[in-house]
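Here is a short report on one protein model. It goes from single residues to the chain as a whole.

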Amino acid sequence: MQSMDEFNPYAAPEAVPPPLTNSGSAEATCWRDGDQLLALPHSDLPRYCVKCGRPALEYRKRSFYWHSPWLYLLILLHFLVYLIAALAVRKQAVHHVGLCSEHRKRRLNFIMMAWSSLVPLFGCFLFDSGAVIGLGILAFLVMLLWGLIGMQILKPKKIDVELAVYRGVSTAFLARLPRYPYRRD
Ligand SMILES: [Zn+2]
């Protein structure tokens, strides 16, 4: 955060204002806003499971990335073009994030699911049948996407240098946070 001495009149208009003085949220680095979690991009979240709000068993540093959804249009051009552009412009946020034992286990299952999608992918080529190969590739895609989506801990809605906004957080966890006191565009 900037102090008033460093006030930059040319800063982006959506900059988060400095914390309100004499307010309970002056120390806060993460907030709730409706069903969204808002956090300073390099702040740690409270030590509770983000999926259910219970005390966290695992509390690990994790990186989250976001880029404008418009960038996906580049896939139509070429997947590599998209990939290079996405890596160049994506914004990063890093937080310590908590998971309870139950949600940690569930996430590991999704990771297993993503990896085991390789079995139908390679297995189907053992058969000399177009139908089996087609089914194998379909099973691979479904299992991979299911696993990748399920293993997500927080779903970034937007990340910039000032603020990271996430979905996919339980209301029980959000209830532990102060309400976001600033106006958002
Ligand atoms: Zn949990």
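## Arg167 and its partner

At 34% relative accessibility, Arg167 counts as partly exposed. Here buried means under 20% relative accessible area, exposed over 50%, and partly exposed in between, with a 1.4 Å probe and protein chains only. Arg167 forms a salt bridge with Asp35, and their closest N and O atoms are 4.0 Å apart. Asp35 lies in the loop between strand E1 (30-33) and strand E2 (36-39) and Arg167 in strand E6, so the pair ties together parts that are 132 residues apart in sequence. Asp35 is partly exposed too, at a relative accessible area of 47%.

A salt bridge is a side-chain nitrogen of Lys or Arg within 4 Å of a carboxyl oxygen of Asp or Glu. Helices (H or I, at least four residues) and strands (E, at least two) are DSSP runs, numbered from the N terminus.

## How to read the model

This is a predicted model, in which local features need pLDDT of at least 70 and side-chain atom pairs count only at pLDDT 80 or more, while totals for chains, interfaces and linings use all residues. Residues are numbered from 1 along each chain as its sequence is written, and side-chain values use heavy atoms, with hydrogens and water left out.

## The other salt bridges

How many salt bridges does the structure hold? There are four. One joins Glu58 and Arg104, at 2.7 Å from N to O. Glu58 lies in strand E3 (residues 58-66) and Arg104 in helix H3 (residues 101-116), so this pair ties together parts that are 46 residues apart in sequence. Glu58 is buried, with a relative accessible area of 12%. Arg104 is partly exposed, at 34%. Glu58, Arg62 and Arg104 are linked in a network of salt bridges.

Arg106 and Glu102 also meet in a salt bridge, at 3.3 Å from N to O. Both lie in helix H3, four residues apart, and are separated by about one helical turn. Arg106 is partly exposed, with a relative accessible area of 44%. Glu102 is partly exposed as well, at 32%.

## Asp160: a charge without a bridge

Asp160 lies in the loop between strand E5 (155-159) and strand E6 (164-167). Asp160 is buried yet has no salt bridge. The nearest side chain of opposite charge is Lys158, 4.5 Å away. For charge, Lys and Arg count as positive and Asp and Glu as negative; His and the chain ends are not counted.

Ser170 lies in the loop between E6 and helix H6 (171-174). Ser170 counts as buried, at 14% relative accessibility. The side chain of Ser170 reaches the backbone nitrogen of Cys52 at 3.5 Å. Leaving aside neighbours within four places in sequence, Ser170 is in contact (heavy atoms within 4.5 Å) with Val50, Lys51, Cys52 and Gly53.

Lys61 sits in strand E3. Buried or exposed? Lys61 is exposed, with a relative accessible area of 60%. Lys61 touches Val94, His95 and His96, again leaving aside neighbours within four places in sequence. The C-alpha atoms of Lys61 and Val97 are separated by 6.2 Å, while the two residues are 36 apart along the chain.

## A nonpolar patch

Tyr72, Ile75, Phe79, Leu80, Leu83, Ile84 and Leu87 form a nonpolar patch on the surface. Together they have about 690 Å² of accessible area. Patch residues have over 30% relative accessible area and no salt bridge; nonpolar side chains (Val, Leu, Ile, Met, Phe, Trp, Tyr) are joined within 5 Å, and like charges within 9 Å. Helix H2 (residues 79-89) gives the most to the patch, with five residues. Ile84 lies in helix H2 and is exposed, with a relative accessible area of 59%.

## The chain as a whole

The secondary structure comes to six helices and six strands. Along the sequence they follow the pattern β-β-β-α-α-β-α-α-α-β-β-α. Buried residues make up 31% of the 185 residues.

Among contacts between residues at least 6 apart in sequence, 70% join residues at least 24 apart. The accessible surface comes to about 12100 Å², and 63% of it belongs to carbon and sulfur atoms. Accessible areas come from the Shrake-Rupley method with a 1.4 Å probe; for residues, only the protein chains shown count as cover.

Technical notes. Polar contact = N/O pair within 3.5 Å; in protein donor to acceptor, adjacent residues only side chain to side chain.
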